[in-house]
Amino acid sequence: MFPLLLLLCLPPALAAVDCVNEYRNGYQVRLSIKTALGDQAYDWNESELFLFRATIAFAMRKFTKTEAYEVSNIVVCNQTPRVSFWFIVTSPENPAQAISKNIVEQAVRESRNRINNAFLLTDKSLEFLGIPPTLAAPINPDTPPWLIVFGVVIGAVCAGIVALLIMSFVKRRRGKKAKEVPEEEDQAKGTDKAVTGETFEDRNGVYNLGFADDDRFTQL
Amino acid sequence: MKLKLPNPGLEDRILSHADLEKLEKEEVGDRPKWDNKTQYLLTCVGFCVGLGNVWRFPYLCQSHGGGAFMIPFLILLVLEGVPLLFLEFAIGQRLRSGSLGVWRSIHPCLAGVGIASMMVSFLVGMYYNTIIAWVMWYFFNSFQEPLPWSQCPLNENMTGVVSECARSSSVDYFWYRETLNTSADIEDSGGLQWWIVLSLICAWGVLYVCVIRGIETTGKAVYVTSTLPYVVLTIFLIRGLTLKGSTSGIIYLFTPQLEELTNPQTWLDAGAQVFYSFSLAFGGLISFSSYNPIHNNCELDAVIISLVNGFTSVYAAIVVYSIIGFRATASFDACLDGNILALLNAFELPEGSINESNYEEALNRLNGTSSSVIQGLDLDTCDIQTFLSQGVEGTGLAFIVFTEAITKMPVSPLWSILFFIMLFCLGLSTMFGSIEGTVVPLQDLGIFPKRWPKEALTGVVCLVSFGIALIFAQGSGNYWLALFDSFAGSVPLLIIAFCEMMAISYVYGIDRFNKDIEFMIGHKPNFFWQAMWRVISPLVVFVIFVFYLVTKATSELTYIIWDPESEGFPNQEKAFYPPWMYVIIFILSGVPALVIPCVAVYKAIRIYCCGTEDNAYDKKSISTVSGHVPMSEIRT
């Protein structure tokens with residue numbers, strides 16, 4: 001297993017860039033496929049690695065706006081069972097020379113979303129150690145949603161208050177009118193239990209129309 | 001011979017049994033009535049069952065020995081809660097008046113008890129409705145996916161999250177920064193937070209709609225506000241039990257630790273919880289039962305409501321701790337996963353080689369071979385008991401722990417909406433009792449002109465309360481609320497309850513009270529009730545009061561602050577109150593308590609100097625909400 005891995009480090013045919021010595025210009029990548037995908041996790045094998053190298057080449061092409069980069073320019077080494085490895089990007093003109101970290105970082109950041117999606121992973125599960133993830137801008141709606149709900153509730157409350165006040169006012173008005181016809185009072189008994197005090201002898205009662213129990217007049 | 005203080009003129013101040021029968025038969029009087037018994041029971045249940053049942057009782061249960069806490073709780077429920085409840089129901093039903101009218105009728109010097117009740121209802125109502133405003137704010141914010149408290153906002157240059165949020169957590173940040181915008185101490189007012197002011201307007205507006213005409217409107221509102229919490233609790237119970245780790249929470253809650261029973265603090269907390277949970281001494285219960293028909297069985301009502309209250313506390317505790325168990329398990333799993341990932345990354349091991357079951361042995365093995373690397377990793381110790389014991393109470397439980405748990409559930413906005421509707425209903429139904437306990441005594445005092453309709457009265461009370469409650473909408477509002485909670489709603493209530501029992505037993509006379517109850521429900525209260533009212537319940541309340549006072553007096557007056565600049569952040573620091581705060585504390589606790597003796601002395605002087613008492617307490621004038629008195633003489 002291990003010798004095989006070592007062999008994989010050597011780029012085929014072209015002049016070898018010694019991966020170990022060039023770590024300064026390289027980035028470590030770590031994949032957490034099983035954690036991210038669970039049952040649907042795929043195995044990490046050579047083809048997946050090929051895809052990775054191709055996406056990085058794509059990112060470099062996109063960033064530098066040339067068609068120069070090939071899959072062979074992406075050198076990968078030091079793979080571990082964790083599924084982590086280092087990669088270096090070599091210059092297309094001179095395979096012995098590595099591209100600076102800065103350019104690689106910017107290229108990766110620009111195409112991060114595409115790279116992630118190629119592997120069905122996210123910034124957290126496909127980590128480029130040393131390259132900070134680009135955080136998605138939060139959606140800021142024009143009207144905060146809470147204000148809309150507040151508007152609905154306060155509208156209902158105002159409508160309720162107005163309706164209840166109008167109802168009380170109307171009842172009181174009717175009460176005043178009914179008071180002017182006292183004879184009908186004795187016969188008209190409302191469905192409510194509150195019987196009017198008129199049935200008693202005293203008519204000196206101070207009617208306080210302002211109180212809630214004006215229900216005796218509801219029969220009108 | 002039972003001890004009874006001389007009380008001349010009592011007969012003239014209250015309606016006799018014959019008058020009451022007449023009142024009942026002819027159904028005269030403009031006093032509001034309940035449409036049916038259900039409304040009355042639901043209103044009382046709503047008043048008693050409040051936020052404390054959800055966020056205080058579970059915490060007490062868990063911190064005082066789990067299942068063992070039930071023992072002191074149930075004992076004190078029987079010794080203290082039920083007798084006081086029966087007392088308030090019976091006296092309200094008998095004397096057909098709000099709290100001020102009742103005590104004034106018993107003896108003019110006791111008017112202070114009614115006034116104290118009114119003040120406490122007013123002060124508590126103010127800060128309680130602010131909590132409802134916060135609940136509404138969270139409710140408004142629940143209508144979005146993802147929930148705003150599930151992620152930290154990004155900082156200005158979009159490179160990372162805001163530092164305060166990164167150091168604490170997204171739920172903490174949303175609560176302390178985006179909701180309260182809390183200042184670092186109580187002296188720094190921080191200005192009014194406009195979104196909280198809007199929520200306050202909404203809360204007082206909804207309350208006004210429901211109490212606008214007194215029990216006529218609240219009686220309808222309670223059909224929803226008193227029943228909906230039970231529905232939501234059941235939904236959450238079912239949801240909670242299907243979540244991973246919920247049973248560990250419930251087991252943790254109820255595991256009895258019987259040695260806690262020897263700790264006096266347990267009994268004190270149980271007594272205080274029973275007392276405050278029943279909303280006694282606010283005057284609201286007296287008022288509500290005064291609208292009952294004269295022969296209503298108040299003994300049965302008291303027992304039913306006590307049972308419902310107790311049951312609700314336990315039920316809510318189960319629900320809350322199933323969710324807390326879920327959250328603790330999720331936190332534990334996250335902690336463990338973090339550690340496992342760190343190990344895998346450090347040793348380049350394939351994924352899946354270390355999982356939950358072999359974590360310990362893998363850790364030991366690796367520690368044996370390369371302990372320095374392990375040290376360098378600085379792994380967290382993950383212990384589920386620690387997570388479970390992060391038992392929080394009060395606003396922390398609702399707005400931090402529970403909201404965090406909700407973000408971990410699928411379809412979070414739905415659960416969030418349901419949860420905050422439940423809290424809203426619980427709080428609102430308690431507010432009905434507070435408003436009743438404020439408005440009716442104000443009316444009885446004659447502060448408002450009699451011409452004014454009830455709508456205007458409740459409107460003025462709501463408006464004034466809203467105005468003063470703007471203190472809680474400042475940056476330091478949270479600290480003010482904690483202050484009010486500690487001092488306004490604690491000591492005065494105990495004093496009022498003690499005075500109530502003394503007044504009934506020894507000024508009104510226990511014999512007369514027994515006869516009244518016999519007249520109302522058909523049989524005399526048995527020896528159990530007599531013993532409770534005359535000796536045991538006052539003793540329990542007195543003991544709680546003394547210990548409470550001693551604890552408060554000996555402890556330093558500190559409060560907990562949220563200060564991002566402090567060193568120990570996110571752990572909250574304790575700060576001392578500024579010296580002028582003592583004045584405020586005195587106003588909150590001292591004034592309602594001192595009103596009782598002051599008014600007593602004032603009235604006593606008036607009686608002895610000026611000879612007779614006010615004519616207003618003529619037997620024929622019932623101090624009711626309405627003004628018309630169907631008897632012969634009319635009094636103002």
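Helices and strands are taken here as DSSP runs, helices (H or I) of at least four residues and strands (E) of at least two, numbered from the N terminus. In these terms Ser279(B) falls in the loop between helix H15 (264-277) and helix H16 (284-289) of chain B. The model is a predicted one, and local features are reported where pLDDT is at least 70, with side-chain atom pairs counted only at pLDDT 80 or more.

**The sheet of chain A**

In chain A, four strands make up an open sheet whose order is E2-E3-E1-E4, with antiparallel pairing. Strand E2 (74-80) and strand E4 (126-129) of chain A are the edge strands, each of them pairing on one side only, and from one strand to the next the twist averages 25°. Strand E1 (residues 27-31) of chain A runs antiparallel to E4(A) and is joined to it by four bridges; within this pairing, Leu31(A) is placed opposite Leu126(A) of E4(A). Helix H4 (residues 101-110) of chain A packs on the sheet, where it touches E1, strand E3 (84-89) and E4 of chain A, and the direction of this helix makes about 30° with that of E1(A).

The loop between E2 and E3 of chain A holds Val83(A), a residue that counts as buried because its relative accessibility is 12%, under the 20% limit.

**Salt bridges**

Over all chains, a search of the whole structure finds 15 salt bridges.

| Glu127(A) | Arg30(A) | 3.9 Å |

The side chains of Glu127(A) and Arg30(A) meet at 3.9 Å. Since Glu127(A) belongs to strand E4 of chain A and Arg30(A) to strand E1 of chain A, this pair ties together parts that are 97 residues apart in sequence. Glu127(A) is partly exposed, its relative accessible area being 23%, whereas Arg30(A), at 9% relative accessibility, counts as buried.

What does the pair of Asp35(B) and Lys220(B) tie together? Asp35(B) lies in the loop between helix H2 (17-26) and helix H3 (37-48) of chain B, while Lys220(B) lies in helix H12 (residues 215-225) of chain B, so the bridge links parts that are 185 residues apart in sequence. Asp35(B) is exposed, with a relative accessible area of 51%, and Lys220(B), at 44%, is partly exposed.

Through salt bridges that share partners, Lys171(A), Arg172(A), Arg213(B), Glu216(B) and Glu455(B) are joined into one network.

**Chain B as a whole**

Chain B contains 27 helices and two strands. Its radius of gyration is 27 Å, close to the 26 Å that the globule rule gives for 636 residues, and chain B is therefore as compact as a globular protein of that length. Along its principal axes, the C-alpha trace of chain B spans about 95 × 50 × 45 Å. Of the 636 residues of chain B, 60% count as buried, and the accessible surface of the chain comes to about 24200 Å², with 64% of it belonging to carbon and sulfur atoms. Among the chain B contacts between residues at least 6 apart in sequence, 82% join residues at least 24 apart.

One buried residue of chain B is Gln93(B), at 0% relative accessibility; this residue sits in helix H6 (residues 70-95) of chain B. Leaving aside residues up to four places away in sequence, Gln93(B) touches a set of residues including Ser289(B), Asn292(B), His295(B), Cys298(B) and Met520(B).

**Backbone details**

Most residues other than glycine have a negative phi, and most peptide bonds are trans. Against that background, Val83(A) has a positive phi near 70°, and Ser279(B) has a positive phi near 50°. Ser279(B) is buried, with a relative accessible area of 6%. The peptide bond from Glu145(B) to Pro146(B) is cis, with omega near -5°, and Pro146(B) is found in the loop between helix H8 (111-140) and helix H9 (163-167) of chain B.

How values were computed
Residues numbered from 1 in each chain as written. Chains lettered and ligands numbered in written order. Heavy atoms only, no water. Pairing = 2+ DSSP bridges. Axes fitted to C-alpha atoms, helices over the stretch in contact; angles between N-to-C directions. Contact = heavy atoms within 4.5 Å. Salt bridge = Lys/Arg side-chain N within 4 Å of Asp/Glu carboxyl O. Buried < 20%, exposed > 50% of the residue type's maximum accessible area, 1.4 Å probe, protein only. Rg over C-alpha atoms; globule rule 2.2 N^0.38 Å. Areas by Shrake-Rupley, 256 points an atom, 1.4 Å probe, with all protein chains shown as cover.
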